[in-house]
Structures are given as structure tokens and as C-alpha cells.
Amino acid sequence: MAAKAPIPNVRQVLESAGAHYMNLVEFGILKTFIDFKVFDAIPDDGDISIAELAIKTGGEESLLQRFSDYLVASEILTSPAQGRVAHTARSVSYCSTEIAAGFISHVYNFFLRPMASWSAYFEQNGLAEPKDAHVIPLGLGTGHPDLDLYGILDAEPKLAHLFNSAQARSAGIYSLKGVYDFGWMQEILTQCGKNRPAVVDVGGSHGLALRDILEGNTFIPASQCAVFDLPKTIEEAKSKVDDGLRAVQFIDGTMLEPLPQIIKGAALYQFRRVLSDFVDKDIVLALKQAREACAPDSRVLLIEELVKPTRGKFAIAQDVSVMNFGGKRRSEKMWRDLAEKAGLRTNAVFEDAKSEFAVIELALA
């Protein structure tokens, strides 16, 4: 007779599973305090009573006390006396203008909301990755089941602002300085004069990634460069152009259709952290449009984080997160295969020694 399995220790089981539960509780409280600028209302020096905090934020004192109790227990806030709270080094980072606060809001809207719809999504579509950009968890989670990511952003201006802000911030994180050498362009631009487009930043948002290139390569004329993105993104970008981009053209359109004549024949087309938001078939289509716009000596750059066996949990979490809107982190081989389907070949791959991102340089096959 087989031995009976030991009776599980219910307390241990609940404590183990409860760790996930407590993470969610903490996240929800952080998001609420960020939304209502509760962290902003706590003085930088000294402490504040919960009653005063309620007056400053318009919140209910009893609710703020319950939420604050949890953050104190988590050592995010500190409580020097009963009914009073003060900042810690951790809580200051959640004031509304801080990067960490923006990250919490981004994760909530683009991961937790669609994640709550995973059960329904997988029941409807099977346990598989999104194959159609118009059938994605984010669509279910936001009440737009038939829209792709950019259709959802058009329908939800607050989400669009969050998304574009995150894209703009990432431009500084993935600098190409010391990773990719643009020197090959100098002779080409000298020979062709001022009539040929130099760099087209496809999906370039506010142009901060292009600014990074121009600052490090002064031989590239800003007047021969362009940022190409969706109409609403370009409209917003034009309303607050960076001083280093005054001479750059901001052109609207979509990378999934033939590129405008004015940016055809450019020396370089750049896709920086753009294509990983798309399903395979749309990536191939976007690269085909770039290929059709290329001159024989044009090059195409893909700047993306590469999937490797050694990647850490945070990188894997990002990969799972972008699945919510049809995206996917890919390996070098995956990018090579997609480029080949679009009629492009891989010239070289330049990896950043300090992170997991790389520059994949493509040319006409």
C-alpha cells in the first residue's frame, strides 16, 4: 500500500502564496497614492498627521490610515508617532514627477489591467501568443476588443500620454554612443549634397533618440533628418520640439504603408525599440516598407533588447508584459529571420556591453 503524502502545513502554504497577494496589495496602494499625489503631500523633512494628509489630498482619514499602515509595515513609509507618517528614501521616489511613479502607472495600465483579462483572452484564443494585432489582451482589458495598440491609444488619450512618455524616456536609456559608429555616413552625405535624407527615425516619437545621434555626430545635418510617427504623436511632438531638433522634419504616417516620398532614399532608417511592440507579420510589413524606400546603399538599424539564455527576471517580465499588446522580445536569430522575409540581410550586430540591447544593422539582400 502506497504511503500517504504528508499533510501540507496550511500556514506555510498560505504564507508562500500570500507573498504574491501582498505584492498586489502593495502595488494597488502605491498606484492610488501616486494618482492622488499623497506622497507629494508628505513634507520632505519632518512628518505629517493622517488628518492633515486627508485635508491636503481630499481623502478619507480612515482609508488613508489603513493604506498608510500597510506602507509603514512594508517600510516604504515610516511612522514616528501614532497617526503620523514621514517619507523614507523609498517613498520619495513615488512622488508624482519621479520616474518610479511613472513606471508604476505604466505597469498598472499596460500590464495589470490586461493581465486581469488573460483568462478570458486565452479561453477565446487558446493558450497561445497573439498573432493578430487587433486581438490582444490590452484590448479586452480596456474595453476595446477589436482595436490594436495604436487604435487603443487613439481612443484613450491618457493611456497615449503614458505610453509616449515611456517611449521618450527610453531614448536616453539606450544611447548608441560607444555602441554604433555612424562614421560611414560622412562620405555618403558629402557626395550626395543636401538633397538626400540622412537619418529617418521611424516611430521616433519626440525625436530624442535622433537628438542623441545628432549630438554625437555633428557631420549629420539636422535639416536632412526626419522623425516619422503616427499623426497624433507627431502633433504632440511638434508642440514641444527640443532645441536640438528645430531643423528636423516631423512627418506623420504609418510604417505599415509605403513611406512618404520626402523620406525615401535616406542613408539610414532607424527603428529604436519600436518593432518589439508588434506581431511578426506586421514587423515584416514595416521592414518591407523600409526596404522599398531604401536606396542601394541605405542601411536599416534595429535597436532592441535581445533575448538570451542568461537574461534575468526583469527582462523576462518585460517580454511577458509587451505580449499584452501583441509585442515580443526576440533573439538575434528571430530578428535575422524576420529581416530576411522582408528582403533585408544582416550586415552586423553591435552589442552594448552594459545591457542586453543591441544594434542590428541591415542592408538590401
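This report describes the overall make-up of a predicted model and then several of its local features.

## Overall make-up

The model is a predicted one, and its chain has 365 residues, of which 46% are buried. The chain holds 16 helices and 10 strands.

When contacts between residues at least 6 apart in sequence are taken, 65% of them join residues at least 24 apart.

## Aromatic pairs and a ring cluster

A search of the whole structure gives 14 aromatic pairs. In one of them, the rings of Phe 110 and Phe 325 have centres 6.4 Å apart. Their planes stand at 90 degrees, which is why this pair is edge-to-face. Phe 110 belongs to helix α6, residues 99-115, whereas Phe 325 is in the loop between α15 (313-322) and α16 (332-341). The pair therefore ties together parts that are 215 residues apart in sequence. Both Phe 110 and Phe 325 are buried.

Phe 325 also pairs with Phe 163, with ring centres 6.2 Å apart and planes at 85 degrees, so this pair too is edge-to-face. Phe 163 lies in helix α10, residues 157-173, and because Phe 325 is in the loop between α15 and α16, the pair ties together parts 162 residues apart in sequence. Phe 163 has a relative accessible area of 4% and is buried. For Phe 325 the relative accessibility is 6%, which again counts as buried. Through ring pairs, Phe 110, Tyr 150, Phe 163, Phe 278 and Phe 325 are linked into a cluster.

## Charges over rings

Lys 31 lies over the face of Tyr 108, at 4.4 Å from the ring centre. The charged end of Arg 299 sits over the ring of Trp 184, and its distance from the centre of that ring is 3.8 Å.

## The two sides of helix α16

Helix α16 has three buried residues, namely Trp 335, Leu 338 and Ala 339. Viewed down the axis of α16, these buried residues fall within an arc of 100 degrees, so they line one face of the helix.

After α16 comes Gly 343, which has a positive phi, near 85 degrees.

## Cysteines without a disulfide

The count of disulfides in the model is zero. Cys 192 is in no disulfide, and the nearest cysteine sulfur to it, that of Cys 225, is 11 Å away. Seen from Cys 225, the closest cysteine sulfur is in Cys 192, and the 11 Å between them is too far for a bond. A disulfide would need the two sulfur atoms within 2.5 Å.

Cys 192, at 25% relative accessibility, is partly exposed, whereas Cys 225 is buried, with a relative accessible area of 0%.

## Two loop residues

Gly 58 has its place in the loop between α3 (50-57) and α4 (61-73). With 69% relative accessibility, Gly 58 counts as exposed. Its C-alpha atom is 9.6 Å from that of Val 38, a residue 20 places away along the chain.

Arg 311 is found in the loop between β8 and α15. Leaving aside neighbours within four places in sequence, Arg 311 is in contact with Ile 316, Asp 319 and Glu 356. The C-alpha atoms of Arg 311 and Tyr 108 are separated by 23 Å, and these residues are 203 apart along the chain.

Conventions: Residues are numbered from 1 along each chain as its sequence is written. This is a predicted model: local features need pLDDT of at least 70, side-chain atom pairs count only at pLDDT 80 or more; totals for chains, interfaces and linings use all residues. Side-chain values use heavy atoms; hydrogens and water are left out. Rings of Phe, Tyr and Trp (its six-membered ring) pair if their centres lie within 6.5 Å; planes under 30 degrees apart count as stacked, over 60 as edge-to-face and the rest as tilted. Helices (H or I, at least four residues) and strands (E, at least two) are DSSP runs, numbered from the N terminus. Buried means under 20% relative accessible area, exposed over 50%, partly exposed in between (1.4 Å probe, protein chains only). A charge sits over a ring if NZ of Lys or CZ of Arg is within 6 Å of the ring centre and within 35 degrees of the ring normal. The arc is that of the directions from the helix axis to the C-beta atoms. Contact means heavy atoms within 4.5 Å.
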